[in-house]
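Colleague: Could you walk me through this model before I set anything up with it?
Modeller: Gladly; here it is.

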Amino acid sequence: MTVEEVKALVRNVPDFPIKGIQFKDITTVLENPDGLRWMRDEIVSKYRGLGITKVVGIESRGFILAPAVAIELGVGFVPIRKPNKLPAETVSVTYTKEYGDDTIQIHQDALSPDDVVLIHDDILATGGSMDAAITLVKKLGVKKVYVNCAIELLGLHGREYLQGKAEDVYCLFGLTVDE
Ligand code: AMP
């Protein structure tokens, strides 16, 4: 598949979940076997050979591709979850979103200072969620952090917002907000 073919599979849903948001729905890529494989393989080929030791997925749409990528890289998967979901001891980060604060958590023993971590989410918008995820994994003292999102929403400056906070920010492709 070409990147243009995969881009064309993303469904734009206007006014979801609230008026004014152009929701980028990746389920229409995931349900296509070639689209699904393309996304997984593109991420894997970018990160193979970089010494990644754990793939971290952000709840909930980061949980779809991150484990598939982890299996291909031969490493484990670690979830970042919303509060009070993880059963053992956790570390938390609270960050400000457009409407109120949000907290994310990770198991305190899930990562160690030897880890080279790849954090994955479906979409990079303003970068606020990814910034919080980077802060969270760094609290566990990891060696390096790489960042991947399947899609970058162009014009929201998420990439600039994350500049200098991770080794690298890589997205499979960009879409304009109303594309
Ligand atoms: P942000 O923190 O602004 O970078 O937003 C990224 C998070 O919000 C990701 O977990 C996305 O799944 C979700 N998100 C933000 N904007 C959109 C959008 N237009 N369509 C779909 N998901 C979005």
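Colleague: Why does the span of helix H3 agree with its number of residues?
Modeller: This is a predicted model, where local features need pLDDT of at least 70, side-chain atom pairs count only at pLDDT 80 or more, and totals for chains, interfaces and linings use all residues. Residues are numbered from 1 along each chain, and side-chain values use heavy atoms, with hydrogens and water left out. Helix H3 covers residues 33-47, and because its 15 residues at 1.5 Å a residue should span 21 Å, the 22 Å between its end C-alpha atoms agrees; the expected span is 1.5 Å times one less than the number of residues. Helices here are DSSP runs of H or I with at least four residues, and strands are runs of E with at least two.

Colleague: What caps the N-terminal end of H3?
Modeller: Asn-32 does, with a side-chain oxygen 2.9 Å from the backbone nitrogen of Asp-34. Just after H3, Gly-49 takes a positive phi of about 85°.

Colleague: And which residues of H3 are buried?
Modeller: They are Gly-35, Trp-38, Met-39, Arg-40, Ile-43, Val-44 and Tyr-47, where buried means under 20% relative accessible area with a 1.4 Å probe, protein chains only.

Colleague: Switching topic, how do S3 and S4 pair, parallel or antiparallel?
Modeller: Strand S3 (residues 54-58) and strand S4 (residues 76-80) are parallel, over five bridges, and pairing requires at least two bridges found by DSSP. Val-55 in this pairing stands opposite Phe-77 of S4.

Colleague: How many helices and strands overall?
Modeller: The protein chain has six helices and nine strands, and 46% of its 179 residues count as buried.

Definitions and conventions:
Buried means under 20% relative accessible area, exposed over 50%, partly exposed in between (1.4 Å probe, protein chains only). A polar contact is a pair of N or O atoms within 3.5 Å; within protein, one must be able to donate a hydrogen and the other to accept it, and residues adjacent in sequence count only if both atoms are side-chain atoms.
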